[in-house]
Amino acid sequence: MRELHAPTLDECREAHVRIAPHVTATPLLRYDGDDPVVAIDLKLENLQPIGSFKLRGALNRMLSMPPAELANGVYTASAGNMAQGVAYAARALGIPASVVVPETAPRAKLDAIVRLGAAIVQVPYDDWWTTMRDHGRAGMRGAFVHPFADRDVMAGNGTVALELLEAAPDCDVILVPWGGGGLACGIAAAAKAIRPQVRVFACEMEGAAPLSASLAAGRPVSIENRRSFVDGIGGRGVLAEMWPLARELIAGALRVSEDDAAESVRLMARRARVIAEGAGAAALAAARAHVSSITPQPKRVACIVSGGNIDTSVLAAILSGATPP
């Protein structure tokens with residue numbers, strides 16, 4: 001098993017300086033919820049230039065690589081958002097980029113990858129997952145940038161926590177969508193170094209919850225995940241190298257339904273004028289469904305709105321109250 005360590009607070013602070021010229025210091029917006037006891041804030045990573053937090057980790061990893069390692073370009077494996085992050089960073093550095101994507105990748109994200117200048121290699125879902133598990137794919141040109149199981153990527157993601165706790169130093173619970181764990185573990189590493197009592201919960205979809213299954217089994221396991229409009233989270237399993245970090249840093253996993261996620265997309269659009277993709281709405285869905293059962297009861301909860309790259313047809317269906325396609 002590959003050994004992987006969480007980034008230190010100093011590494012996250014260095015990452016913040018490194019990527020600052022390229023990313024948005026996203027706002028923390030108070031959500032007008034229905035619970036007068038618990039304050040809920042939305043950390044709006046959907047406002048990044050690529051519409052997702054993934055730009056932070058991609059930039060930090062690539063700006064940390066020596067020029068010789070970048071000489072032949074880079075590639076990643078992604079359903080869409082990390083692909084855009086790597087493509088955006090590669091364009092800024094003037095190097096080629098390629099992306100291994102699953103056949104299920106949504107059209108809006110594929111179009112954005114092409115617009116940013118990266119080449120697409122579309123493969124069956126199992127081959128795509130194997131590329132992430134094996135940290136690379138035979139025949140691809142350039143250096144592989146892992147979408148989550150990488151210390152530099154997690155340090156870049158940890159910069160979200162630096163901004164969050166500067167704006168809300170009394171935050172006691174942070175809810176983070178769980179895809180591969182790079183965002184949740186990066187945020188948790190930085191947040192707990194600043195405020196040890198803060199608790200970070202991973203948010204997953206029912207029917208596609210590998211962390212919940214792994215926590216129940218006491219070891220990393222693979223699952224048969226159910227497809228839904230929430231395409232940015234819910235992988236085939238927890239990678240072995242991410243498991244020790246998850247056990248150390250994550251307070252627990254909260255599962256939400258597709259209906260919960262769709263309703264949270266609607267509520268953010270209507271109450272906060274925020275456009276979130278399904279994964280980006282998972283944290284608010286978890287707050288609405290579970291925050292009252294978290295013990296001890298939190299006073300201030302931050303929900304990471306991880307991205308806003310949603311197909312317009314899906315968004316239209318959700319806003320109209322129809323079942324997302």
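Guide: Two strands count as paired if DSSP finds at least two bridges between them; strands (E, at least two residues) and helices (H or I, at least four) are DSSP runs numbered from the N terminus. The model is predicted, so local features need pLDDT of at least 70 and side-chain atom pairs pLDDT 80 or more, whereas totals for chains, interfaces and linings use all residues. Residues are numbered from 1 along each chain as its sequence is written, and side-chain values use heavy atoms, leaving out hydrogens and water.

Visitor: How many bridges join strand 7 to strand 8?

Guide: Strand 7 (residues 173-177) and strand 8 (residues 199-205) run parallel and are joined by five bridges. Within this pair, Leu-175 has Phe-201 as its bridge partner, and Pro-177 stands opposite Cys-203.

Visitor: In what order do the strands of the six-stranded open sheet lie?

Guide: The order is 1-2-10-7-8-9, and the pairing is mixed. Strand 1 (28-30) and strand 9 (252-256) are the edges; each has a single partner strand, so one side of each lacks a neighbour in the sheet. From one strand to the next, the twist averages 30°, angles being taken from 0 to 180 degrees between N-to-C directions of axes fitted to C-alpha atoms, for helices over the stretch in contact.

Visitor: Which strands does helix 7 lie across, and which does helix 8?

Guide: Contact means heavy atoms within 4.5 Å. Helix 7 (residues 151-167) lies across strand 1, strand 2 (39-44), strand 7 and strand 10 (300-305), at about 145° to strand 10.

Visitor: Which residues touch the most other members of the largest nonpolar core?

Guide: A nonpolar core is a set of buried Ala, Val, Leu, Ile, Met, Phe, Trp, Tyr and Cys residues joined through side-chain atoms within 4.5 Å. Of its 52 residues, these are Trp-128, Ile-174, Trp-178, Met-242 and Ile-250. Helix 8 contributes the most, with eight residues. Beyond neighbours within four places in sequence, the contacts of Ile-174 include Leu-164, Ile-187, Phe-201 and Ile-304. A second, separate core of 41 residues includes Leu-175 and Ile-294.

Visitor: What order do the strands of the four-stranded sheet follow?

Guide: This open sheet has the order 5-4-3-6, with parallel pairing. Strand 5 (119-123) and strand 6 (143-144) are at the edges, each with a single partner strand, so one side of each has no neighbour in the sheet. Two bridges join strand 3 (residues 74-77) to strand 6, where Phe-144 is the bridge partner of Tyr-75.

Visitor: At what angle do helix 1 and helix 2 pack?

Guide: Helix 1 (residues 9-19) and helix 2 (residues 54-64) meet at about 90°, with axes 10 Å apart. They are therefore roughly perpendicular (65 to 115 degrees). Among the residues in contact are Ala-15 and Ile-19 from helix 1 and Leu-59 and Leu-63 from helix 2.

Terms used
Buried means under 20% relative accessible area, exposed over 50%, partly exposed in between (1.4 Å probe, protein chains only). Angles under 35 degrees count as roughly parallel, over 145 as roughly antiparallel, 65 to 115 as roughly perpendicular and the rest as oblique.
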